[in-house]
Amino acid sequence: MAVELDVFVGNTTIMDEEVYQLWLDGYTVNDAVKVRMAGGMLDECEANQDVLLSDTMDQYRTFQMCERLLQSPAKLANQLLFQIPPHRQTMLIERYYAFDDVFVREVLGKKLSKGTKKDLDDIGAKTGVTLKSCRRQFDNFKRVFKVVEELKGPLVENIRQHFLLSDKLARDYAAIVFFANNRFETGKKKLQYLTFQDFAFCAGQLINNWTVGAVDNTVEDMDVDLDKEFLQELKELKILITDKDLLDQHKSLVCTALRGKTKAFAEMEANFKNLSRGLVNIATKLTNTKDVRDFFIDLVEKFIEPCRSDRWTSADIKLYLTHYTNSAHILDSFKHQAVWDRYMGVIKSCIYKMYHD
Amino acid sequence: MPGKLKAKIVAGRHLPVMDRASDLTDAFVEVKFGNTTFKTDVFPKSLNPQWNSEWFKFEVDDEDLQDEPLQITVLDHDTYSANDAIGKVYIDIDPLLCTEAASIISGWFPIYDTIHGIRGEINVLVKVELFNDLNRFRQSSCGVKFFCTTSIPRGYRAAMVHGFVEELVVNEDPEYQWIDRIRTPRASNEARQRLISLMSGELQRKIGLKVLEMGGNAVVGYLQCFDLEGESGLVVRAIGTACTLEKQSSGSLVNTHTHPNTAPASNACNSPSKDGKESPLAHGCRSTHNSPVHSACSSQRLSQNFSVSVPTLIFTGMGSGGSAGKEAGPLKTLLRQQTQTALEQREFPFFTLTSFPPGFLVHVGGVVSARSVKLLDRIHNPALGNTRSYKLLDWNSVTADEPETRDAWWEEIRQEIKSHAKALGCHAVVGYSENTSICEEVCILSASGTAAILNPRYMREGCLDIGSTDQRFDDPSPPSCGFCHIPYDELNMPFPAQLTYCYNCRRQKVPDVLFTTIDLPAEAAVTGKGCLIQARLCRLKKKAQGEVNATAISNLLPFMEYELHTQLMNKLKLRSMNALFGLHIQISVGENMLLGLASATGVYLTALPAPGGIQIAGKTSGDLNNEQHIQAIQKRINDTIAKNKELYQINPPELTEEGVGSPIPEPRHRSRLFRSHSESSDEVSELDLSHGKKDAFVLEIDDTDAVEDIHSLLIDASPPTGFYTCNTETMPGIYNWTTAVQMFTSVRVLRLSNANLSNQSLNKIFTDLCENLLKSFYFKLRSNIPCCLCHLNFTVAVPEEELIQVSVTAVAMTFDKDQTQERFITKGGIETEEQLQFPLELCADSSSTNAQPSSKFSGVPENTIVSPRAASVDYGSFADRCSTWLELLRLKAHTIRRGSVKTISSLEHCSPLTEGRPRSLRSSRSFGGSSVTMVKMTPLSFLPGTRIIKYLGIINMFFIRETTSLREEGGVSGFLHSFIAEVFAMVRAHVAALGGNAVVSYSMKDCVLMENPNKNQAQCLINVSGDAVICVRETDQEPMTSMTNIGQTCAADGAT
């Protein structure tokens, strides 16, 4: 007695959020049934395993048929095949484009190419995310990347409009696109402690302050590429470490301001020159694509690690960087205030975010 | 030149990529009507072309306008090779021909291809300009409105009901033409779709002409079916009820709304004043009573009325009866005479309606049905013997592909139905329907309906306006129970039945059980809630050819009917109910088996006596084990009955003789099964299956059949908490529907792996299949709780040997559990008014005569218990009789081609009912609207919480889908799943283009699936129909045209 065919079609398409999640997570039908049984679904409406299996199969089929539409979400709203109320459409899209932080952490900054796609099974094995789900997430990244690549206007807004995503998710995608485009190195051992959300925050800072779009919002790729002119101007900051007088002056200003306000004052005073050299060197090297990629690893090596070994607290970091930035304004011979602010504004917030106590 | 059709092609979107090189498409459109074709320009390199064409004008006869669909073909232009078709849209322009329906068709239509499914959408505008045609002899019937709804459509009132209209047209099936061997599957499918579209257009036009002849202006309860007879052709047939409808002005609608009528509401509450009012009536009835009716005379009467060459079974409603109340006599006769004349002018006094304006239905007799087994003739194979089968079938001088043959077949069946109705003392048949089941060259034609007596007022010219003067002819019975009163003469009953005085009005007789094919009348008094009751049956038969096969089938039919009936009766009693509504018995034929499925909604009619229990009896007493076994089963049954009483809230009032003072007859129920088979009316054999004077409905446990029956009785699980089920329009006892509805279609096919199955194991498999489907529905729709699955329509088929297919379409309607009683009452009054669209004076009338039983008898001492009643069926003796009967059948086998069964159930009992169906008007949450209009679909004739303000025309669509890449499309389930979704989408698109936002009375008439997994192929045909409407929320006066409004409704729809 084999069930040859079994379908259930509602005029309003019935979609169970729980099953949708299992489908997105790449469970097979049988595994999904097991999960649902374990989740106590058998107690509902006198269901049995066959009922669950039949329901799960139906839903999986529906999702598979919907998947094509989900890949261009704008179509979902004006297609005729499935009658789905708008708020359900929003849910479907949002969940389809949601991703696992552990997974995205692995591919962040990597080229979204076939090569990377081949490694997905390794990443899946490492992160515990099913290969199916890895592929979906990877393809989503790639799809979003391809679409926004050729669009003018603000990155986040473009993603939001084309993929009908929530603001939060659109920002995350913007970060992923930004990282993939600039190929930032995020996989080194020293960076492992950083979460995707740390990077996403930094990406947001970079997009808002360092890209072409930060000054001119009409050019293509404005939010994806860093502002070349700005990077060039950053070279001027070198004077802060090359001019010995300026360096000493800067140090004394900062130390005066910090004295008595923190337990780590001694370490701050001792390390000032080292740290300052580190930050300014990062700035001056950003014209090299290679050094842009190493931006985060440089931040960690040149600033965060020394501070951490001296046991600075987050408050210490904040205090130090605030005074470090502000004191430069008082230096008479330092003429690059605007560039300095644009640079340090981002550096400050990135370091706050990246510095975990 | 009476019409001008204009079409404009605006744009396309989401087109498929037709040119792999550019990933784009160079699309253009051909617009064809009749033999005229126009083309748009090619819109190069786009998947979202903007043609914005001129208006293409077709000048055509209105006859063609009715027959032909507008055919739109989207193609991809190719410079070097032939243009590739992307897909087609067929637009039925019939709705534009009626002034009251839609005026323009405008919207996005899915572009459909029979091989690839939906491939993008196209935006089209269509208009029609009709010129007045004064030609009396015209062939068109423009302007006649068609409704699938089997009641008087909301917003209309029936000035006159003219009666039955039928028509059929026959053609060769393109799939079986020689050319099919050389053309592509796509061309073949399209030829078929187009032909069927043409045929249904023609059919509708012809029916329209008949309606005009009769003086009507509309067809209500229009039911169109296809018979795919394979090589012998394609039959499209339709039946309906011709009416003269008058639109109710919106003013009167508002009036009815605001009129403070609390009549029905008063039924719901226990007003003590009713006691006094009603008891004198009860007293009046008391004196007359009680001579049992002789079965002999009834059988004689029956045989006189039957001149059919078939085994005929008559199921009676069980029991002995008494004589009638005298006062009703003369009036009844008068009424009957009057109605008779009105109806006798008609060849077939049949009505496809299932619910009626109050006062229309006077009495209901019982279910009448007839079946006939026919051999289809082979057009291409005359050598194989047309003549032989003709001789056999006694149809000389007709060729197979002429409609006359099929007409004659149906004519014969209808005659039989008519005579069955007559035997029940009824002059009309309501809730009438016809269907067929075809397997190879064998075809079972079935017809069934409910014998009834109707009020003649609706049959005469200008009747409604003088309704008040006619009132004296009306049966004086209160509407809450009047229809249950027996229509036949108590002294000359057509069958032995146990009659009691109506438990509601106590003036007239009622039978103890009532079976009907109609919906529960809105004004009927019901105790508790109802539920879906199904009888399922499988019977193996030997594979055979031709007449041998036909004989085998017709021999099996009566047994199947009998067993289905017994199952229904047992299950009804198990649920402590006494009436079935919406009874639909389907018998489907396959190569090696017959499937029978009877579905109905069981209720406890307050007017009828309480059903007796079921008693198990063992034949061989003395065996201790056996005794224990029987006791255990008995206990289970008793427990189930008790549980069901609680579940369905069946707490009928306890009646007492002393208190009321009326001699209610000692309830003694017998079950009688009695059959006649004869060619001339003189040969009657009767089976008295009653076991003497037993009080309970007895099941003999020694009988294997009985064991099986008991098993199947107890296997039916009741729906889980929060769910109710019925196959009628609504569920008694539930009033506060929310606006959330979820219509669905589900199909399941089972492959029987084991070739050597017994009847018993087959039954079990079939029953499990149906039960599991229901279980799946409960689970899937659990988020709609509390809800009722309404209009559960099961269809069974045997598509191939060893395959059983069950298709279900139904709607889950959520209701509000916590609504206050107070609100329910007020709503009840208003709702009833609005819903029935019926003059107020009648309502008031009904209210005065109504009384709730619980209130009526509340003050009465409860010493006399309504003792457990029972009817008994003696299986042992049945088996014996059957075998003799079978022999008789065998002797006559060559002449017998038809099994016909008449199911009559008697009933009686009245009490007022809470008839209103208040629906809640909770304001729906609002969500953002989308660019696609949400279209609700429901198999019911209404949408809860909304008011239909306009009927836009009938939707009648036929689609074929085929695939040669079955695996790639997700197997046969994936294939059918997307096809059903596509069909829904196309229906919604057509409705939206007509300006509508809902489909009511939706049904899927056919779902024929053929598969060949080895060849990776499958084909499916689906036929759907319904009425496109515009509805507004009950509180709004204006149609919801704005997007936000539509968004709201649908959001609520899906939110639950």
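**View 1. Arg157(B) in strand E10 of chain B.** Arg157(B) belongs to strand E10 (residues 156-171) of chain B, where helices (H or I, at least four residues) and strands (E, at least two) are DSSP runs numbered from the N terminus. Because its relative accessibility is 24%, Arg157(B) counts as partly exposed, a class that lies between buried (under 20% relative accessible area) and exposed (over 50%), with a 1.4 Å probe and protein chains only. The C-alpha atoms of Arg157(B) and Ala1028(B) are separated by 19 Å, although these residues are 871 apart along the chain. The model is a predicted one, in which local features need pLDDT of at least 70 and side-chain atom pairs count only at pLDDT 80 or more, while totals for chains, interfaces and linings use all residues. Residues are numbered from 1 along each chain as its sequence is written, chains are lettered from A and ligands numbered from 1 in the order in which they are written, and side-chain values use heavy atoms, with hydrogens and water left out.

View 2. Chain B has 21 helices and 34 strands, and 65% of its 1056 residues count as buried. Among contacts (heavy atoms within 4.5 Å) in chain B between residues at least 6 apart in sequence, 81% join residues at least 24 apart.

**View 3. Helix H18 of chain A and its bend.** The 15 residues of helix H18 (residues 295-309) of chain A should span 21 Å at 1.5 Å a residue, and the end C-alpha atoms are 20 Å apart, which agrees; the expected span is 1.5 Å times one less than the number of residues. H18(A) bends by about 35° at Glu301(A), the bend being the angle between axes fitted to the seven residues ending at a residue and the seven starting there. Among the buried residues of H18(A) are Phe295(A), Phe296(A), Phe303(A) and Cys307(A), and the buried residues of this helix pack against elements including helix H11 (167-182), helix H16 (265-285) and helix H20 (337-354) of chain A. After H18(A) comes Arg311(A), whose phi is positive, near 60°.

**View 4. Residues lining the second largest pocket.** The lining comprises 38 residues, of which Met65(A), Arg68(A), Leu69(A), Leu81(A) and Ile118(B) lie nearest the pocket centre. A pocket is an open set of points on a 1 Å grid over the protein atoms alone where a 1.4 Å probe fits, with protein on both sides within 12 Å along at least five of seven lines, and lining residues have an atom within 4 Å of a point. H3(A) gives the largest share of this lining, five residues.
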